[in-house]
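Reader: Could you please show me the structure and then take some questions about it?

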Amino acid sequence: MVDFGIQIKDLKLKNPVTTASGTFGFGEEFTDFMDLNKLGGIFVKGLTLKHREGNPYPRMAETPSGMLNAVGLQNKGVDYFINTIYPNIKDFDTEIIPNVNGSTIEDYVEVTEKLNEIEGIHSIELNISCPNVKEGGMAFGVSCPSAIAVTEAVRKAYDKTLIVKLSPNVTDITEIAKGVESVGADAVSLVNTFLAMAIDANTRKPLLSTITGGLSGPAIKPIALRMVWQVFNAVQIPVIGMCGIMNATDAIEFILAGSTVIQIGTANFIDPQISVKIIEGIELYCKQQNVDAVSDLIGAMVTK
Amino acid sequence: MKRIQDFKFKEYKWLNYQNYILTLKTTDTIAEIKPGNFAELKIPNAPDVFLRRPLSVLDVDHDENTISFYVKIIGKGTEKLGKLRGGDKVNVIYPLGNSFSINGTNKALLVGGGSGIAPFILLGRELKQKGVEITFLIGARTKEDVLLTNEFKKLGDVLVTTEDGTMGQTGLVTHHSVFSEEFQFDKIYTCGPDPMMKAIAEIAVEKGVDCEASLENMMACGFGACLCCVVETHGGNKCVCTEGPVFNTKDLAW
């Protein structure tokens with residue numbers, strides 16, 4: 001029997017497989033296809049203080065081995081989540097982890113304070129890396145002083161496990177990771193999407209209404225893997241790795257590079273059962289490799 | 001309840017160089033499919049096609065356990081889907097989306113352009129079963145692109161417009177004389193390119209009849225997770241995959 005358990009401060013996961021914010025709705029969208037109780041956790045769709053309509057259509061474009069999105073944090077606001085959505089999903093035997101967004105530090109803090117009151121929620125993911133909003137979002141995550149400022153403010157407002165989601169659109173991601181660690185982040189999750197674009201040569205128009213958007217999928221997996229490994233070596237807090245994980249082998253690579261937990265993202269759109277298949281695949285790998293605890297694999301890349 | 005299910009390739013019926021009917025078969029049962037529902041197909045043998053492709057269900061046979069799709073080749077996904085071989089497995093997520101509303105309709109006009117005719121077989125069959133009188137109005141560029149008319153004739157009257165005048169009346173569907181004569185219909189259903197559906201929706205307002213349109217927005221998932229396929233409505237952005245694809249045109253802010 002492989003020990004699959006993971007703990008990051010208050011957050012206890014039955015296994016290291018979670019789903020990435022913005023790719024799994026609030027979990028309810030997947031109940032026809034899979035058993036949510038099998039997941040380590042669900043990072044639910046990004047929340048803001050007030051309702052947001054998101055960006056105009058078109059918001060999506062398929063690219064080689066990936067996709068661009070420019071959804072722009074469409075959501076009904078944190079109060080709607082707490083009052084209407086959370087009661088429907090709170091009884092699943094998995095960790096529900098809200099993803100917190102804001103245009104200002106005050107917004108982030110206010111959303112956080114509301115979530116801090118909810119007993120069943122043991123962790124939040126502070127999103128300072130959304131590339132698709134005009135104000136806030138990634139702007140906080142691409143400079144060290146602003147990443148530190150927002151993390152510090154949210155840390156004061158939140159008692160439980162604070163995860164900070166980092167942007168890859170920076171010169172040195174380890175500097176941001178070290179910065180947020182220094183003001184009390186309990187973990188970092190990386191990476192959010194890469195700022196990117198696509199053009200239709202025939203019409204000469206951009207494929208997204210916002211011109212630029214966020215690239216996800218296996219196209220950028222090797223870059224994400226490199227960033228996870230760099231951050232793992234730069235900080236003491238756990239790293240949650242993601243970007244382009246399409247199967248159990250990809251997930252294991254992220255764990256070997258230093259991920260304590262992994263998030264499945266874009267792959268959920270193509271195979272809504274993929275997260276369960278990845279859990280089974282990691283278990284099989286551990287048995288084949290005689291690994292007793294999945295935590296033994298964290299950062300266990302062999303370099304000699 | 002939505003299913004994710006493996007099917008085997010059964011056969012193609014090529015309608016012309018660009019359009020085909022793909023039939024898939026399963027040894028399992030097929031879930032109930034309502035007119036307007038669609039499916040998301042994983043394209044086999046196509047590693048360069050990253051996402052699934054959403055397609056309207058053309059027909060379903062619960063005795064034979066077959067499901068068929070009308071496909072127009074518009075890119076690499078629909079091209080690769082046209083090159084399956086015997087034994088190829090196709091993974092399908094279905095039934096997705098809402099369906100056309102039928103109650104209260106007595107005399108229906110179904111206006112389709114291009115691949116927009118796909119949901120009209122199932123819709124026409126259900127309308128006929130409910131005793132609704134049906135007229136199809138099919139628009140195409142030229143005669144060779146007017147497809148499936150024999151199937152539609154089994155269900156109702158068929159009117160045609162072609163842009164080059166090689167079949168039916170000349171011009172766009174909106175130019176058809178059915179709109180200039182005394183209007184006898186109490187419901188319009190439309191599916192096709194957005195400009196066509198918008199024009200039909202305007203005519204519906206003029207004639208004072210209800211109009212439902214089935215939209216074809218690009219989507220990554222098909223079941224409400226990605227929030228990419230939104231259409232602007234008077235009640236805000238709505239997902240075409242879960243709150244559509246069928247919308248009453250009076251609700252759309254287009």
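Reader: Before that, what should I know about the model and its numbering?

Author: This is a predicted model, in which local features need pLDDT of at least 70 and side-chain atom pairs count only at pLDDT 80 or more, whereas totals for chains, interfaces and linings use all residues. Residues are numbered from 1 along each chain as its sequence is written, chains are lettered from A and ligands numbered from 1 in the order in which they are written, and side-chain values use heavy atoms, with hydrogens and water left out.

Reader: How many residues of chain A are in contact with chain B?

Author: On chain A, 33 residues are in contact with 27 residues of chain B, where contact means heavy atoms within 4.5 Å. The two chains bury about 2500 Å² between them, and 64% of this is on carbon and sulfur atoms. Buried area is the accessible area (1.4 Å probe) that two parts lose on being put together, summed over both.

Reader: Which three residues supply more of chain A's buried area than any other three?

Author: They are A:Tyr57, A:Glu62 and A:Ile270, which supply 27% of the area that chain A buries against chain B.

Reader: And how many salt bridges are there between chain A and chain B?

Author: The count is 2. A salt bridge is a side-chain nitrogen of Lys or Arg within 4 Å of a carboxyl oxygen of Asp or Glu. B:Lys2 forms one with A:Asp32, and their closest N and O atoms are 3.7 Å apart.

Reader: Changing topic, how is chain B divided?

Author: Chain B has domain 1 (3-96) and domain 2 (107-251), with bounds from an automatic or database domain assignment. Their C-alpha centres lie 22 Å apart. In domain 1 of chain B, 21 residues are in contact with 23 residues of domain 2 of chain B. Between them these domains bury about 1800 Å², 66% of it on carbon and sulfur atoms.

Reader: Which residues of domain 1 of chain B lose the most area to domain 2 of chain B?

Author: B:Pro35, B:Leu58 and B:Tyr70 do, together giving 29% of what that side buries. Across this interface the rule finds 1 salt bridge. B:Asp59 forms a salt bridge with B:Arg125, with the closest N and O atoms 2.8 Å apart.

Reader: What does B:Lys187 pair with in a salt bridge?

Author: The side chains of B:Lys187 and B:Asp210 meet in a salt bridge at 3.1 Å, N to O. B:Lys187 is in strand S11 (residues 187-191) of chain B and B:Asp210 in strand S12 (residues 210-214) of chain B, 23 residues apart. Strands (E, at least two residues) and helices (H or I, at least four) are DSSP runs, numbered from the N terminus. B:Glu212 also forms a salt bridge with B:Lys187, its closest N and O atoms being 3.5 Å apart.

Reader: Is B:Lys187 buried or exposed?

Author: B:Lys187 counts as buried, at 4% relative accessibility. Buried means under 20% relative accessible area, exposed over 50%, and partly exposed in between (1.4 Å probe, protein chains only). B:Glu212 is also buried, at 7%, while B:Asp210 is partly exposed, at 31%.

Reader: Lastly, which residues of chain A are linked in a network of salt bridges?

Author: A:Lys9, A:Arg155 and A:Asp186 are linked in such a network. Elsewhere, A:Asp271 forms a salt bridge with A:Lys277, the closest N and O atoms being 2.5 Å apart.
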